[in-house]
Amino acid sequence: MSDTIYDVVIIGSGLGGLQCGAILSRHGYKVCVLEKNSKFGGTLQGFNSHGCRFGTGMHYIGSLDKGQVIDKIFRYLGIREKLHMQRMDPKGFDVFGIGGKEYSYPIGMEAFREQLHSYFPNETVAISKYLQEMEQTTGEVDLYNLRPLKNIMPGNSRSLNTGVFKLLRSLTPNQELQNVLGALNFEYAGEKDKTPFYTHALINKHFIDSAWKFVDGSEQLTNLLVGKIREAGGKIIQKEKVTEILHKDNLLTGVKTAGGQMYRAKHIISNIHPALTVGMLDKSLLRPSYRKRMLHLESTISAFSLHLSLKENSFRYRNHNYHFYERPDVWYTSYYSEENWPEFFYLFVPKVSTSDEYAACVSIHTYMKFEEVARWQDLPLKRRGEEYETWKAAKAEKLLDLVTQQFPELKGNVTGINISTPLTFRDYIGTPDGGIYGTMKDYHHQLESYVGTKTRIPNLYFTGQNVNLHGALGVSMSSLLTCGEFIGLNKLIREVNEA
Ligand SMILES: Cc1cc2nc3c(=O)[nH]c(=O)nc-3n(C[C@H](O)[C@H](O)[C@H](O)COP(=O)(O)OP(=O)(O)OC[C@H]3O[C@@H](n4cnc5c(N)ncnc54)[C@H](O)[C@@H]3O)c2cc1C
């Protein structure tokens, strides 16, 4: 064991681990980030396949216009200027095909209101009420508005205790409008009977305020943050899977990795799923009820993804995402079954700096429950056998059929396919069952599904998508909350505002 005692060891180098590493090392803390994979970044990782560079997760980011919340946080981190991003189509950054009709979300709340009016001229009152609800909910979240925090609980309890579907239904009996308002729910894996309005409001508003795509992939975000950690004297190490969290009496003293290395620390931040964290701790350290709750937190649904390489000049570049719902019902996760799969897909066209006109690579995602792949879960990565490969190929064909019905120009132009299943997500991100956005927030059991930054163990903290909210927005907010435990949250918020 080395003699070094780090101020903070961070388990996992997802966006949350990297942001905490950058913020704390900049404040003089001796930080060490440990990552189990050969690449840093978690869901920001990219990979090569059939001549394309694809991303595993994060595709686009909201609120990057000057002075908006992510812009401010990234400026504070010293990475905003270096990020190579493309502002998405202001007339429609997300386009939705719902039950045979097409709709789009423009950038800007007023443009959004006008667009909705053009689709639903007789729904002025419902549209206004909806926008008021969004403004009120997001307006009340101090952290989202980068205001000193009065209350550590995220947001007002009404928006956390109200289901998004229930709220949309209460605004209007017009189901078409309800569907259009709920159509962005792939971005939070929305469930009809679970997702709080809070989640919907923050995710929708931050994208409507402005939506930006990475140019040449989201790994640039990883590389910039890794650079910031190292510049400030922090350490970040890949291929170091933490397997045990060490303690003496009621305090943690460090971690042990699969290779037998020990890293001693005064504080530990976990950027991984709470169930995995709790599984590495001695049982005596936590109350049995808390431990049980963390071990049984429900996950968001997983995904099945196709990454397609295309013939040159066959598919026009689109500066928007496309969400297809076969039925006039956007709550696909709530009714999806193996027999009718797939009835939904999300198509993302990565932006590369070498071409504006055509796209050579396209990613497609649809939902998939972990149960569908559970029978292969104990087989080793890349060696799961013939049956799994045949099943995967059949599923890919089905999904591709649905996609080519909407985009016939893809037919005959696909030169390579890379497939991800819930097992891929589990293995590369390290979530227990491949949940794409971490734990599920349930408005019926708001407190039970809530993961705070602090635990009963005085020197253990959580960060990342399982705290509060997922995505670039949720994780950045969690990073401030977690680092606020060290630096003082209101001081940190002041620094962000002054950057
Ligand atoms: C398909 C998909 C599409 C998405 N699209 C978007 C989008 O367009 N916009 C958006 O804002 N968000 C999007 N998201 C969500 C977003 O990517 C995540 O919420 C966010 O990146 C999660 O960050 P995190 O800090 O929680 O860490 P994670 O990304 O979960 O990373 C955790 C890290 O911990 C490592 N780890 C796990 N166990 C151990 C261990 N024992 N020891 C050491 N390391 C360990 C993992 O390998 C991983 O690198 C998407 C996610 C997915 C899956």
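Biologist: Where is the place of proline 342?

Modeller: This is a predicted model, so read every value below as computed from it. Proline 342 sits in the loop between helix H12 (332-335) and strand S16 (344-348). Tryptophan 341 and proline 342 are joined by a cis peptide bond. Its omega is about -5°. Most peptide bonds are trans, and most residues other than glycine have a negative phi.

Next come two loop residues with a positive phi. Take aspartate 249 to begin with. Aspartate 249 is not a glycine, yet its phi is positive, about 55°. Find it in the loop between strand S11 (242-248) and strand S12 (251-257). Aspartate 249 counts as exposed, because it has 7 C-beta neighbours inside 10 Å, and the cut-off for exposed is 12 or fewer.

Now turn to lysine 382. Its phi is positive too, about 70°, and lysine 382 is not a glycine. Its loop runs between strand S17 (361-368) and helix H13 (385-406). Lysine 382 has 6 other C-beta atoms within 10 Å, so it is exposed.

Valine 467 is also a loop residue, between strand S19 (460-462) and helix H15 (471-487). Is it buried or exposed? Valine 467 has 27 C-beta neighbours inside 10 Å, so it counts as buried; the cut-off for buried is 20 or more. Set aside its neighbours within four places in sequence. Valine 467 then has contacts with Val451, Gly452, Thr453, Phe462, Ser478 and Leu481. Methionine 85 is 382 residues away from valine 467 along the chain. The C-alpha atoms of the two are separated by 26 Å.

Glycine 182 takes us into a helix. It is found in H7. Glycine 182 is buried, because 23 other C-beta atoms lie within 10 Å. Beyond four places in sequence, its contacts are Val164, Phe165, Leu168, Gly190, Val330 and Trp331. Histidine 84 lies 98 residues from glycine 182 in sequence, and 30 Å from it in space, C-alpha to C-alpha.

H7 leads on to H4. Helix H7 (175-182) is among the elements that cover the buried residues of H4. The cover also includes helix H3 (109-119), helix H5 (157-161), helix H6 (164-171) and helix H8 (197-209).

Helix H4 itself spans residues 124-139, which makes 16 residues. From first C-alpha to last, H4 reaches 22 Å, close to the 22 Å expected at 1.5 Å a residue. Which residues of H4 are buried? They are Ala126, Ile127, Tyr130, Glu133, Met134, Thr137 and Thr138. Look down the axis of H4. The buried residues fall within an arc of 125°, so they line one face of the helix. Thr124, Val125 and Gln132 are exposed, on the face turned away from the buried side of H4.

Finish with one helix pair. Two packed helices are described by the angle and the distance between their axes. The axes of H3 and H4 come within 10 Å and cross at roughly 155°. The two helices are therefore roughly antiparallel to each other. Their crossing is right-handed. On the H3 side, the residues that meet H4 are Met109, Arg113, Leu116 and His117. Their partners in H4 are Thr124, Ile127 and Leu131. Among these, Ile127 belongs to the buried residues of H4, while Thr124 is exposed.

Conventions: Residues numbered from 1 in each chain as written. Predicted model: local features only at pLDDT ≥ 70, side-chain atom pairs only at ≥ 80, totals over all residues. Helix = DSSP H or I, 4+ residues; strand = E, 2+ residues; numbered from the N terminus. Expected span 1.5 Å × (residues − 1). Arc of directions from axis to C-beta. Contact = placed C-beta atoms within 7 Å. Axes fitted to C-alpha atoms, helices over the stretch in contact; angles between N-to-C directions. Parallel < 35°, antiparallel > 145°, perpendicular 65-115°, else oblique. Left-handed = near helix turned anticlockwise from the far one by under 90°.
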